[in-house]
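Hi,

Here is the structure I said I'd pass along.

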Amino acid sequence: MRVRELTVDDNVAYRSLSAGAFGGGFEAVESRPFSAGETAIGIGSEQLPGGAPGVVAAGARIRHDRITLGGGVVDCGGISGLAVHPAHRGDGLFRELITATIARCAQEQLPMSMLYPSHPAIYRRAGYQVVASVQRLLVPLVDLQHLPKMPDRRLVPVTGASMPRLHGLYRELTAEDNGMLTREGPLFPAGLPSGGWSALLLEDHDGVAHGYVSWTRTAGENGGAGLEVHEILGRTREDRLALLRSLGSWSTVTESVVLRVRTEDPVLDVLPGSGARPVDGLPLVMMRVIDTAAAFEARRAPAGLAGAVRLVVEDDTVPEGTCRSAGSWLLSAADGRVAASPDEGSAPEDGSIPGDTGVPDAASSPGGDAAEVLGTARWDIHAAGLLLMGGRTLADARRLGLSAIADPAAEQFLDALLAGPRPSVLDAF
């Protein structure tokens with residue numbers, strides 16, 4: 001394989017490649033290291049027929065992020081800037097690079113991988129599955145101007161000194177979501193973001209923080225909106241109403257705001273009026289399982305759920321051994337924990353689900369006790385990506401044409417284990 005890690009000497013060439021592929025300019029200043037918290041890999045043009053030294057033929061960056069998953073967190077490789085030079089397109093470099101990217105995620109112990117696809121079909125062929133889209137609404141400010149003032153709440157400006165409080169609120173209020181980046185360093189600096197970002201904290205009169213709203217003032221390119229609201233997070237319905245009310249004060253300078261929301265955002269339940277409408281061109285979010293066992297064990301089991309199933313995941317989208325997505329595991333839950341132990345060779349080779357033999361199997365539970373194996377489930381890699389991110393049942397996966405079959409008791413167990421909100425992502429990279 002010709003893929004190698006890109007070095008400081010490749011930085012300018014890679015940024016030129018990325019800018020040419022995705023638009024936007026860049027300054028061809030001296031070489032500098034890639035960003036902390038990222039791994040850059042690529043293929044040098046000089047290795048290829050007709051290639052030239054100093055040119056990156058194909059390259060990508062892997063972000064070392066963490067995302068919320070089933071009440072826990074899991075390390076995730078965020079793929080960005082994957083591009084192939086125009087002179088080398090059609091020569092199979094994309095396939096070589098995406099396979100190497102998946103392998104590198106496995107090497108660096110990143111059980112999940114996430115990306116925003118420019119062309120979903122080509123990433124699907126590498127095992128990525130659409131799980132969500134970035135949701136944005138255009139909200140007329142007239143709908144927010146007459147919301148009542150909430151008692152025992154005040155708004156205070158966010159400063160560099162108060163950013164730790166905002167980060168703490170974000171982590172607290174998104175901990176039960178699926179797919180949300182935890183926004184940790186070094187990819188997310190501890191201080192105030194740049195680029196015109198501003199925010200207000202919502203406090204009670206004792207100074208306890210209950211929520212916040214963040215935004216960037218824009219030139220009105222989003223359907224006339226002069227404000228891009230990144231998020232509204234509040235502990236209660238009343239807190240969210242208070243934060244929406246604060247946006248109404250912008251009516252003197254703009255008519256509407258673009259509001260970014262989660263897939264099942266509680267702020268949608270308190271939006272007044274009927275003028276809000278979706279903003280077109282919402283980017284898709286695709287996920288891929290890199291390490292099935294580690295992804296399951298990062299989750300928390302729902303209270304009271306106990307038992308075990310045999311799970312088989314099939315992945316023919318990458319060469320065998322590229323990552324740890326495929327295999328057979330005894331998957332068990334007890335005392336709020338999930339365990340996945342290898343179960344080599346126990347599943348039928350013909351792809352069927354074994355029937356009840358009358359003699360129950362047993363698996364070791366997270367607490368160390370033997371748990372009855374309720375049955376077997378068999379997924380393809382796309383069903384694994386969809387289901388592991390939460391908020392979908394095996395029946396949902398089948399309705400999408402994915403392979404997700406199971407014994408009835410195993411299906412009931414897995415649906416209970418993976419229940420929760422559908423994935424949401426508020427960050428772009």
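**The sheet and the cores**

V130 stands opposite M286 in β14. That pair belongs to the contact between β6 and β14, which are antiparallel and joined by 4 bridges. Before I go further, keep in mind that this is a predicted model.

On its other flank, β14 meets strand β5 (residues 112-115), again antiparallel and again through 4 bridges. Here S113 has R288 of β14 as its bridge partner. As for burial, 5 of the 6 residues in β14 (residues 284-289) are buried, so the strand is largely enclosed by the rest of the structure.

Zooming out, these strands sit in an open sheet of 7 strands with mixed pairing, ordered β1-β2-β3-β4-β5-β14-β6. Which strands stand at the edges? They are β1 (4-5) and β6 (129-133); each has a single partner strand, so one side of each is left without a neighbour in the sheet. Elsewhere in the sheet, β3 (residues 56-69) and β4 (residues 72-84) pair in the antiparallel sense, with 11 bridges between them. One example is R61, whose bridge partner in β4 is S80.

Now for the packing. The largest nonpolar core has 50 residues, and the ones touching the most other members are V285, M287, F296, L331, W379 and L417. Helix α7 (residues 381-388) gives the most to this core, with 6 residues. There is also another core lying apart from it, made of 27 residues, including I43, A100, L115 and I290.

Leaving aside residues up to four places away in sequence, F296 touches L311, L331, V338, W379, L388, L417 and L418.

L417 also takes us to helix α9 (residues 408-417), where it is buried along with A410, E411, F413 and L414. Viewed down the axis of α9, the buried residues fall within an arc of 165°, so they line one face of the helix. What does the face turned away from the buried side carry? There you'll find the exposed residues P408 and Q412.

Cheers

How values were computed. Residues are numbered from 1 along each chain as its sequence is written. This is a predicted model: local features need pLDDT of at least 70, side-chain atom pairs count only at pLDDT 80 or more; totals for chains, interfaces and linings use all residues. Side-chain values use heavy atoms; hydrogens and water are left out. Two strands pair if DSSP finds at least two bridges between them. Helices (H or I, at least four residues) and strands (E, at least two) are DSSP runs, numbered from the N terminus. Buried means under 20% relative accessible area, exposed over 50%, partly exposed in between (1.4 Å probe, protein chains only). The arc is that of the directions from the helix axis to the C-beta atoms. A nonpolar core is a set of buried Ala, Val, Leu, Ile, Met, Phe, Trp, Tyr and Cys residues joined through side-chain atoms within 4.5 Å. Contact means heavy atoms within 4.5 Å.
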